[in-house]
Every structure is written in structure tokens, then in C-alpha cells.
Amino acid sequence: RQAVHGVDLPRRVRRRKRGALVEQVRELRLNGAEHEAACVRMPFRYLCVLDVEATCEKSARNYVHEIIEFPVVLVDLYTREVCGEFQSYVRPTVNATLSKFCTTLTGITQSTVDQAPTLEQVLEQFDAWLDERGLRNTATRRDFAFAADGPWDLKFFLDAECKRKGINKAIYFDKWVNVKQLFADFYRCRTCKIHKMLEKQGMRFEGRLHSGIDDARNIARIATKMAEDGCKIYVNEALPPRQNFLSL
């Protein structure tokens, strides 16, 4: 990279952009446009709120979970409205038969998953869904970030299953907004479950508990209310950096 007066050009460009951003925010606030100023400060416009459901068995240690529902609620943080949803059930390929406990808990039946695509196929469909909406998350353009109720969905379910099965998932799944932790930090309270977060915000849970799409919709409501209350939504959790191996 070229350097001018000892400063890398990319760094000079970033400083110039930050300066322009600060000036834009200051001008909006002087004109009384607080909401617009808050939008400009956001590192991304959209939230992809994810809450998966997975195979499970009551009181079974070392149970290997597989995702059986993959729902995403797309939230526009500028307008603070839901602007899209993606939902697909997923066919497990290791423990293909759902337990009675799993069906009772999630409401997902054996016939539903038997007819569903595999996780690898669902991830391909979701990537195409993002592409249809012109949404990108790259080193040079970040339109969206993922959000979830804690680390479980993206770290312990999705990442773990992809590693076990050799599925190459997109890098945009590697960082996310931990809504549970951000909620506790912003409102200065202990971390709590979805229905308790809603209660603290003056709302109630809507839908069926442990339905992936209903859980995702309620987490989206929580994140939207946080933004309305002045919380800056930002990525606060990530997987360890991916290793790049060179062939020698």
C-alpha cells in the first residue's frame, strides 16, 4: 500500500469518512433531526434476527443437536419496522427421527422435517434470499448484521453443525448482536429470557414459545424497542477468527 507523509492511504480515507460522518450527525442534530442523526451513526441498517430450533431429547447428556427450523426476521433499523421474513424447516441427517419431547416442545412434526431440505440447501436458499434484496455483508460493504438471543444459535447450533458436517457457511454468520447481553448492558439489568425482556419493555410475548419464527419475531420486537429507546445496536459477539491454511 502507498503511504503519504507516513500514513497509509486506507487509514487516511477512513479518517476522512469518519470526519464527514461526525459533521453530518452534528448538522442533523442542529436541525432537530435526532432520529436521522441516530440512523447515520448506525454501523449497518438491517438486522437479521435468527432463532433456530433443533433436535433434542429430555435429560440427554452429550446429545448431538441438528437444526430443524431456520427462521430469520429482517428488521430495518432506520424505519424500525420488519421488512421481510425467511423461514425454512430443515431435515436432520444424523438423528433423522424426532423425539416425542422435541415435537412437543417445538411443535415441529416428523412429516414436516422429512419433506424439508437439508441445512446446506437451506443456507444456499437463504443466501439467495439476501441476494434478491441486494443485501451484502463484506469487508467493504456492511448492509446487515445477525442478531440472536445469546450465543447459542450461531455458535453452538449453526457453527457446530456446519463444522461436523463439513458445510461451508457464509462468513456473515461469524459475528452477531447478542441481544440478551446488549439488553442487559443498555437497561442496566441482569440478563433474562425473552418474555422477561418484553415485560421490562412493557410488552408481552406473541405467538408460540419455542416456535423459531415466533421467537425471532419477538426478539425483533425487543431490538426495535431498544433502538427506539436510544440504544446503539452493534455487533458484540463473534466466533474466533477463521484460520487460513496455505498449501506448502
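1. For what follows, contact means heavy atoms within 4.5 Å. Bear in mind that this is a predicted model.

2. Let's start with the pair of helices α7 and α9. Helix α7 covers residues 179-187 and helix α9 covers residues 212-228. Their axes come within 11 Å and cross at roughly 30°. Angles under 35 degrees count as roughly parallel, so α7 and α9 are roughly parallel to each other. As for handedness, α7 passes α9 in a left-handed crossing.

3. Which residues in α7 and α9 meet? From α7 you get Val179, Leu182, Phe183, Phe186 and Tyr187; on the α9 side they meet Ile219, Ile222, Lys225 and Met226. By residue class, this contact of α7 with α9 has 8 nonpolar residues, no polar ones and 1 charged.

4. Now the cysteines. If you go looking for disulfides, you'll find 0 in the structure. A disulfide here needs two cysteine sulfur atoms within 2.5 Å. Take Cys56: the closest cysteine sulfur to its own belongs to Cys102, and at 3.8 Å that is too far for a bond. Cys56 is also buried, at 10% relative accessible area.

5. What about Cys192, buried or exposed? Cys192 counts as buried, because its relative accessibility is 14% and the cut-off for buried is under 20%. The closest cysteine sulfur to that of Cys192 is in Cys189, 5.3 Å away, so this pair is too far apart for a bond as well.

Terms used
Residues numbered from 1 in each chain as written. Predicted model: local features only at pLDDT ≥ 70, side-chain atom pairs only at ≥ 80, totals over all residues. Heavy atoms only, no water. Buried < 20%, exposed > 50% of the residue type's maximum accessible area, 1.4 Å probe, protein only. Axes fitted to C-alpha atoms, helices over the stretch in contact; angles between N-to-C directions. Helix = DSSP H or I, 4+ residues; strand = E, 2+ residues; numbered from the N terminus. Parallel < 35°, antiparallel > 145°, perpendicular 65-115°, else oblique. Left-handed = near helix turned anticlockwise from the far one by under 90°. Nonpolar A, V, L, I, M, F, W, Y, C, P; charged D, E, K, R; others polar.
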